[in-house]
Amino acid sequence: MAKWERDPVLRRRLSWLLAAAETLALTLNFYLVFSAYLQRVLVAVAPKLLSVQAFVAVALVVTGFCLAGAAVQGFLYVRGRAWARSAFLVENGVLIVLGFLWFIHSILGSGEPNIFSTWGGLLLPLVTLFPLLWPLISLRPLPPAARGG
């Protein structure tokens with residue numbers, strides 16, 4: 001058994017670190033992927049509906065809600081809620097797939113990907129979200145009964 005599995009204080013600190021990293025990674029990736037999909041929807045539905053400033057404001061407000069939700073979910077993850085861990089895993093998977101689809105659509109649309117879809121859709125999720133999958137799978141925070149709370 002590894003040291004972090006035996007030591008409840010170290011295990012709790014690792015849980016806090018993982019929750020913070022997951023919250024930041026989800027928020028950053030959500031902003032980029034959501035912005036790309038929002039832009040595609042607005043161009044398809046009503047190209048002149050929002051100005052650039054309004055578009056950025058909408059994307060930032062929705063990303064703020066994502067940050068708040070991920071922070072609360074991270075807190076619940078540290079408190080030992082099993083569904084929070086599962087939700088983090090699902091959210092990571094969904095954002096990785098959406099980023100990959102954005103990248104593929106960019107390749108199929110123009111023959112070669114633009115730099116924004118390459119960095120924001122393919123590389124950033126693979127660098128920030130994909131490495132967090134294994135710690136989320138292997139690190140289970142202590143349940144409330146085991147902590148004495």
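Guide: The crossing of α3 and α4 is left-handed. Bear in mind that this is a predicted model. Helix α3 covers residues 52–78 and helix α4 covers residues 82–110; their axes come within 8 Å and cross at roughly 135°. That angle makes α3 oblique to α4, because a pair has to be over 145 degrees to count as roughly antiparallel.

So who's touching whom? On the α3 side, the contact is made by A70, Q73, G74, L76 and Y77. Facing them from α4 are W83, A84, R85, A87, F88 and E91. Sorted by class, that contact has seven nonpolar, two polar and two charged residues.

Now pick out Y77 and F88 from that list, since their rings pair up: the centres are 6.0 Å apart and the planes sit at 70°, so this is an edge-to-face pair. The two are 11 residues apart, with Y77 in helix α3 and F88 in helix α4, so the pair links distant parts of the chain. Y77 is buried, at 0% relative accessibility, and F88 is buried too, at 0%.

Searching the whole structure turns up three aromatic pairs. Another of them is F30 with F34, which is stacked, at 5.2 Å centre to centre and 10° between the planes. Both belong to helix α2 (residues 8–45), and being four residues apart there puts about one helical turn between them. F30 counts as partly exposed, at 21% relative accessibility, and F34 is partly exposed at 23%; the cut-off for buried is under 20%.

Conventions: Residues are numbered from 1 along each chain as its sequence is written. This is a predicted model: local features need pLDDT of at least 70, side-chain atom pairs count only at pLDDT 80 or more; totals for chains, interfaces and linings use all residues. Side-chain values use heavy atoms; hydrogens and water are left out. Axes are lines fitted to C-alpha atoms, for helices over the stretch in contact, and angles run from 0 to 180 degrees between N-to-C directions. Angles under 35 degrees count as roughly parallel, over 145 as roughly antiparallel, 65 to 115 as roughly perpendicular and the rest as oblique. A crossing is left-handed if the near helix is turned anticlockwise from the far one by less than a right angle, and right-handed if clockwise. Contact means heavy atoms within 4.5 Å. Ala, Val, Leu, Ile, Met, Phe, Trp, Tyr, Cys and Pro count as nonpolar, Asp, Glu, Lys and Arg as charged, and the others, Gly among them, as polar. Rings of Phe, Tyr and Trp (its six-membered ring) pair if their centres lie within 6.5 Å; planes under 30 degrees apart count as stacked, over 60 as edge-to-face and the rest as tilted. Buried means under 20% relative accessible area, exposed over 50%, partly exposed in between (1.4 Å probe, protein chains only).
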